[in-house]
Each structure stands twice: as C-alpha cells, then as structure tokens.
Amino acid sequence: MDGNLILVLGDQLSPEVSSLKAGDKHSDVVLLAEVAAEATYVKHHKKKIAFLLSAMRHFADELREDGWSVEYVRLDDPQNTGSLGAEVERISGRLNPARILVTEAGEWRLQKEARRWSDALGRPVDVLPDDRFLSSREEFTAWADGRKQLRMEYFYREMRRKTGLLMEGDKPAGDKWNYDAENRKPAADDLFMPEPLRTNPDKVTRQVLDLVALQFADHFGDLEPFWFAVTRADAEVAFENFVSQALPRFGDFQDAMLTGQSFLYHAVVSHYLNAGLLEPLAVCRRVERAYLDGSVPLNAAEGFIRQIIGWREFIRGIYWLKMPDYAGSNFFGSTRPLPDFYWTGKTDMACLAAAVGQTREEAYAHHIQRLMVTGNFAMLAGIDPHQVHEWYLAVYADAYEWVEMPNTLGMSQFADGGLLGSKPYAASGNYINKMSDYCGNCHFDVKRKTGEGACPFNSLYWHFMDRNRGQLGGNPRLGPVYRTWDRMTPAKQQDYRDSAEVILSEL
C-alpha cells in the first residue's frame with residue numbers, strides 16, 4: 001500500500017480522533033481489532049465486552065460509509081493472534097504501510113506497548129495526542145507544577161474559564177462556581193421516575209451477544225437484557241432523552257439512592273463518552289443551552305458540567321502525572337482479600353446487595369453507590385486497594401484505567417494518602433440511611449452501633465479511624481472525629497473495636 005495504517009483503539013470510536021484527522025481516506029487503511037487480551041487482562045463484565053465489540057463493528061461500518069478502507073479483525077477470526085501488538089504486526093506485515101498512526105492510548109500498559117512498536121515492526125509509528133480531552137497532559141502538568149495540593153475545584157475553575165461554559169464575562173453564572181451543596185437531597189420513589197433510553201439490539205449486536213455468551217461465559221455479570229446504544233446516532237438520542245427527561249432534577253438528587261431504582265435522574269452516558277460515541281465538550285454545550293433557555297436549573301447544569309470538564313479531566317490529569325508509580329498506592333497498608341459478595345451480591349447488608357446486584361445486572365452504578373457503599377465498605381474493612389481497583393475496572397461499562405484507577409485508589413480508598421482528596425470518604429451507616437431507603441429493609445439495624453444486629457458500617461467506621469490514627473490524626477478535617485472518639489469511655493471504644501473485629505473475622 002502507498003499510505004499509512006491507522007490503528008483505532010476500542011475507546012477511540014470517534015471520527016474526530018486525532019489519528020483519523022491526520023490520515024487520508026484515499027490512501028490510508030484503518031485497522032480495528034477485537035483481541036482476547038483486551039477482554040481478559042481483567043475479567044470484564046459481559047455487557048461491557050458486548051458493548052465495545054458491537055460499537056467497534058458499527059464504527060467500522062460508519063467509516064466505510066464515509067469512504068475509508070477498513071481492516072477489521074473479529075475475535076473469532078481464525079488468524080486472530082489474540083493480542084493487539086501481534087495484530088498490528090500481522091496486518092502491517094501484509095499491507096506494508098509507510099508508517100503507523102495511532103492516537104495515544106488511555107491506559108499506561110497500552111501506551112508503553114505502543115512506544116515499542118516502531119522497533120518491533122521496523123517502521124515508523126506516530127503516537128498522536130488525544131485531543132478529545134479539553135486539557136492536554138502537558139497543560140495539566142504545567143497547572144500542577146509547584147502546587148502543594150492538587151484540588152479539582154481550582155482546576156475546574158480554569159476549565160470553566162477556558163471553555164466559557166456557564167460564564168458571564170469573567171464571573172461564573174449565578175456568582176458561584178459550585179452548587180454541590182444544593183445537590184444532596186434524598187429522593188422519594190416516584191412512579192414517573194425517568195429511565196435511560198433503551199436501544200433494541202440489531203443484527204450486528206445480536207451476533208456479538210452470541211459471541212460473548214460463548215467466549216466469556218465465566219465472566220462477571222448478566223449479558224442480557226442488553227440495551228446500550230452502540231452507534232453515535234443512538235448515543236446522541238439517549239443523551240437528548242436525559243436532557244429532556246431527567247436533567248432538570250439531576251442536580252437535586254444526584255447523590256440519592258433508592259431500592260429498585262438503578263438510575264434515578266442520572267445520565268448513564270459515561271460509557272458512551274469514554275468509548276468516543278459522545279464528545280465531552282458537545283454534551284456540556286448542550287446542557288449549557290438547556291440552562292440558558294430555562295429548561296433546567298443552574299444547580300443541575302453546573303453539577304453535570306463539573307463532572308465532565310472538572311472531575312473527568314482532573315482524574316485523567318492525575319493518572320498521567322503519577323503513573324506508573326500510582327498503581328502501587330496503599331497508604332493504609334491494607335491487605336485483606338476482597339470479599340466474595342462483591343462478585344455474588346450475597347450479603348445481608350441491603351445497601352451492598354443493591355449496589356452489587358445492579359452492577360451485575362447493568363454494568364452500572366452511580367457515583368455515590370460506588371464511593372459511599374462499595375468503596376466505603378472496602379476502605380473501612382481494610383481491603384487490598386489493588387483488588388478493589390481491579391474489581392471496579394472489571395465490572396463497570398465505563399471503566400478504563402485512566403478514569404477508574406485514580407477514582408478508586410485516590411477518591412474511594414484514599415490509598416494515595418491524600419493526593420486526590422483532602423480526607424477519606426469514610427462514613428458510618430447514618431450517611432447511607434440519610435441518602436437512601438436501603439436501611440429500612442435491611443437485616444441490620446442502622447441505629448444500633450455495636451453488637452449483634454448492628455449495622456456493620458457503624459463499628460467498622462470507628463475501627464478504621466482508630467487503627468489509622470497514626471496516618472490520619474494530623475488531618476485538620478478529621479479533628480472533630482478524633483475529638484468525638486476521645487470523649488468516649490474506654491469501654492465504649494473497646495466495644496466498637498470488638499464488634500468490628502467480629503465482622504472482619506467473618507468476611
């Protein structure tokens with residue numbers, strides 16, 4: 001061939017990705033490859049695998065319709081070697097391109113592998129920046145340089161100024177940068193609660209579902225019913241459904257949890273964003289328009305936009321700034337194995353059963369379920385943070401290491417010692433009771449602090465604070481917590497320790 005080979009990864013399913021923008025559809029060939037290694041380096045949820053394979057196949061068709069020549073390697077192709085590097089070598093050996101173009105990978109291990117391809121293949125490999133993000137790696141590094149603390153709020157304000165989103169001149173709309181304090185209302189069940197738009201599987205998706213059922217039967221999670229959008233057009237329709245149906249109440253109830261309501265007022269589009277089917281700035285502009293035309297309140301628009309241009313961008317910046325050492329973070333030295341109920345959902349704790357159960361069913365749980373239920377319990381119980389990280393990476397459809405690892409090791413487990421957050425997100429059962437209806441039908445009594453039948457979160461919370469006082473005692477945000485502990489009688493303190501030890505011994 002006269003042109004280049006353009007490798008498009010499974011989370012780069014956008015015509016705006018830099019490798020395609022640098023290419024020439026008249027002379028270049030695009031390669032997409034389904035490989036077993038990417039589906040099994042952790043045992044990804046069956047729904048996640050099906051979503052990505054179907055989205056990749058649909059994207060290949062979209063490229064062909066746009067005039068591109070596409071080499072597509074299916075998982076069950078007889079010549080498929082099973083690894084991405086070997087497929088690049090096999091296809092480039094047959095086509096003999098002048099050079100290989102690829103947009104930088106979102107995960108450290110793949111990026112490291114891509115850097116070696118040039119020597120291995122004996123031809124130039126151009127690794128291009130991923131400009132779908134609003135802040136480049138270099139920009140984030142420059143922002144972080146010299147700062148004693150890296151806090152999302154200040155980075156977010158820079159992103160607001162850079163994009164102009166929800167800005168009135170040089171001031172934020174409403175004269176406040178952040179409306180999070182207004183977004184912590186518990187929700188009541190509502191017969192008219194919106195649902196994410198469900199897309200019926202087409203012929204391509206049905207073929208993928210059959211393949212995944214056969215090849216990945218031992219992986220976590222329910223494969224069907226499968227309702228994810230797998231094309232750009234359907235993802236955009238799903239997002240519009242969120243804007244019109246759920247966004248107006250998203251702000252108020254974004255931290256709420258309800259039994260039997262997996263989605264509440266959430267967008268459920270992070271897997272579309274992270275795979276490339278939706279563009280981050282475009283969805284933020286759409287939400288801003290909804291605020292400006294009066295169809296959604298400011299706290300809802302700001303809360304959504306902050307998650308995209310604030311938290312999502314900040315997390316990616318932290319990942320690339322601190323890898324590869326970040327992967328080994330274990331501030332508390334936690335070593336307890338991940339309990340089996342994270343995979344089975346079989347536990348008498350109603351909140352954990354609900355969060356894990358819907359994760360099995362949907363490959364989805366919203367951020368408070370991840371942070372304050374599954375994550376909070378793991379941290380309080382001293383679970384090995386690397387095992388927790390691999391669980392989150394495996395079970396959620398939106399999980400890629402760049403976004404999942406800092407959220408897990410940093411925000412959820414405080415394993416980075418405070419790089420990401422100013423204090424651990426530790427809470428007793430009272431928080432879960434306040435923000436959900438889980439406790440009303442639980443085997444355990446959230447109002448009991450210790451002993452048989454007491455909510456495990458209660459004693460585990462104080463056990464965690466007590467055993468980690470050497471690491472946390474100097475944290476000014478935890479001063480009131482330790483003063484409360486110190487006012488307890490020695491007998492009460494020991495009661496908390498003993499109750500927690502019983503729970504931990506039974507995990």
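## Cysteines, sheet and overall build

The structure holds zero disulfides, a disulfide being a pair of cysteine sulfur atoms within 2.5 Å. Cysteine 439 is in no disulfide, and its nearest cysteine sulfur, that of cysteine 455, lies 6.1 Å away. For cysteine 455 the closest cysteine sulfur is in cysteine 439, at 6.1 Å, too far for a bond.

This is a predicted model, in which local features need pLDDT of at least 70, side-chain atom pairs count only at pLDDT 80 or more, and totals for chains, interfaces and linings use all residues. Residues are numbered from 1 along each chain as its sequence is written, and side-chain values use heavy atoms, with hydrogens and water left out.

Buried means under 20% relative accessible area, exposed over 50%, and partly exposed in between (1.4 Å probe, protein chains only).

| Residue | Relative accessible area | Class |
|---|---|---|
| Cysteine 439 | 16% | buried |
| Cysteine 455 | 9% | buried |

Now the whole chain. It has 23 helices and seven strands. These are DSSP runs, numbered from the N terminus: helices are H or I with at least four residues, strands are E with at least two. The radius of gyration is 24 Å, close to the 23 Å of the globule rule for 507 residues, so the chain is as compact as a globular protein of that length. That radius is taken over C-alpha atoms, and the rule is 2.2 Å times the number of residues to the power 0.38. The C-alpha trace spans about 80 × 50 × 50 Å along its principal axes. Of the 507 residues, 58% count as buried.

Five strands form an open sheet in the order 3-2-1-4-5, with parallel pairing. Two strands pair if DSSP finds at least two bridges between them. Strand 3 (69-73) and strand 5 (125-128) stand at the edges with a single partner strand each, so one side of each has no neighbour in the sheet. From one strand to the next, the twist averages 25 degrees.

Strand 4 (residues 100-103) runs parallel to strand 5, and four bridges join them. Here valine 102 stands opposite valine 127 of strand 5. Helix 3 (residues 46-65) packs on the sheet and touches strand 2 (29-33) and strand 3; its direction makes about 160 degrees with that of strand 3. Contact means heavy atoms within 4.5 Å. Axes are lines fitted to C-alpha atoms, for helices over the stretch in contact, and angles run from 0 to 180 degrees between N-to-C directions.
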